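Please open the structure in your viewer and keep the sequence beside it. This tour goes from one selection to the next and says what is found at each stop.

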Amino acid sequence: ARFIQGLNPGLGKKKFGFRLADPVKSAEITGVGKNAVAPFGMKQPIPIILSDELLKLQPGYFWMGGGHVDAKLRADTAEFVRVLKPFVTHFTTPLNDEELAALKAVSSTHLTLPTKRIV
């Protein structure tokens, strides 16, 4: 929020509050439904804010919405920044080792395939 406040001098703190957009309003602005929004091809241009933590990823890519709820796009981070020119700033906090291990444990239980064929 501080980054965006800095781009809007004179506006008070109470004017800034980040939250997920209402699905109906989001569809009006973007032209696509919930969990499908991509940062290009929208009905109205929307500024893109990218976490500086994404620039540290190895390999250097990330996944995002692809315009349909079942479509996801893999984006090369450097190319994404070069082409779309997002605002890059610090607004995320990486998980610590304990949080990451807990997330991996939960993810692995949901992603495990059955060892026997179900007929």
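Two rings of Phe, Tyr or Trp, with the six-membered ring taken for Trp, count as an aromatic pair if their centres lie within 6.5 Å. Keep in mind throughout that the model is a predicted one.

**First stop: the aromatic pair**

How many aromatic pairs does a search of the whole structure find? The search finds one. Select F62 and F80, whose ring centres are 5.1 Å apart and whose planes stand at 80 degrees, so the pair is edge-to-face; planes over 60 degrees apart are counted in that way. F62 belongs to strand β2 (residues 61-68) and F80 to helix α3, so the pair ties together parts of the chain that are 18 residues apart in sequence. Are these two residues buried or exposed? Both F62 and F80 are buried.

**Second stop: around the pair**

In soluble globular proteins, nonpolar side chains tend to be buried together. Now centre the view on A75, which, when residues up to four places away in sequence are not counted, touches G60, Y61, F62, M64 and F80. From here select R74 together with Y61, where the charged end of R74 sits over the ring of Y61, 4.0 Å from the centre of that ring.

Select residues 87-89, which form strand β4, and look for T89 within them. T89 has a relative accessible area of 15%, and it counts as buried because this value is under 20%. If its neighbours within four places in sequence are left aside, T89 is in contact with F3, I49, L50, S51 and D52.

Side chains of opposite charge can pair when their charged atoms come close. How many salt bridges does the structure hold? There are three, and they can be selected one after another.

Begin with K25 and E28, whose closest N and O atoms are 3.8 Å apart. These two residues are three apart in helix α2 (residues 23-30), which means that about one helical turn separates them. E28 is partly exposed, at a relative accessible area of 44%, and K25 is also partly exposed, at 43%.

Go on to E53 and K56, whose side chains meet in a salt bridge with a distance of 3.2 Å from N to O. K56 is exposed, with a relative accessible area of 55%.

Finish with E79 and R82, where the closest N and O atoms are 3.8 Å apart. This pair lies in helix α3 (residues 77-84), with the two residues three apart and therefore separated by about one helical turn. R82 counts as exposed at 55% relative accessibility, whereas E79 is partly exposed at 44%.

**Last stop: the whole chain**

Zoom out and colour the chain by secondary structure, which comes to four helices and four strands; from the N terminus on, the elements run α-α-β-β-β-α-β-α. Of the 119 residues in the chain, 17% are buried. If you display the surface, its accessible area comes to about 9800 Å², and 60% of this belongs to carbon and sulfur atoms. Among the contacts in the chain with a separation of 6 or more, residues 24 or more positions apart account for 49%.

Note on methods: Residues are numbered from 1 along each chain as its sequence is written. This is a predicted model: local features need pLDDT of at least 70, side-chain atom pairs count only at pLDDT 80 or more; totals for chains, interfaces and linings use all residues. Side-chain values use heavy atoms; hydrogens and water are left out. A salt bridge is a side-chain nitrogen of Lys or Arg within 4 Å of a carboxyl oxygen of Asp or Glu. Buried means under 20% relative accessible area, exposed over 50%, partly exposed in between (1.4 Å probe, protein chains only). Contact means heavy atoms within 4.5 Å. Accessible areas come from the Shrake-Rupley method with a 1.4 Å probe; for residues, only the protein chains shown count as cover. Rings of Phe, Tyr and Trp (its six-membered ring) pair if their centres lie within 6.5 Å; planes under 30 degrees apart count as stacked, over 60 as edge-to-face and the rest as tilted. A charge sits over a ring if NZ of Lys or CZ of Arg is within 6 Å of the ring centre and within 35 degrees of the ring normal.
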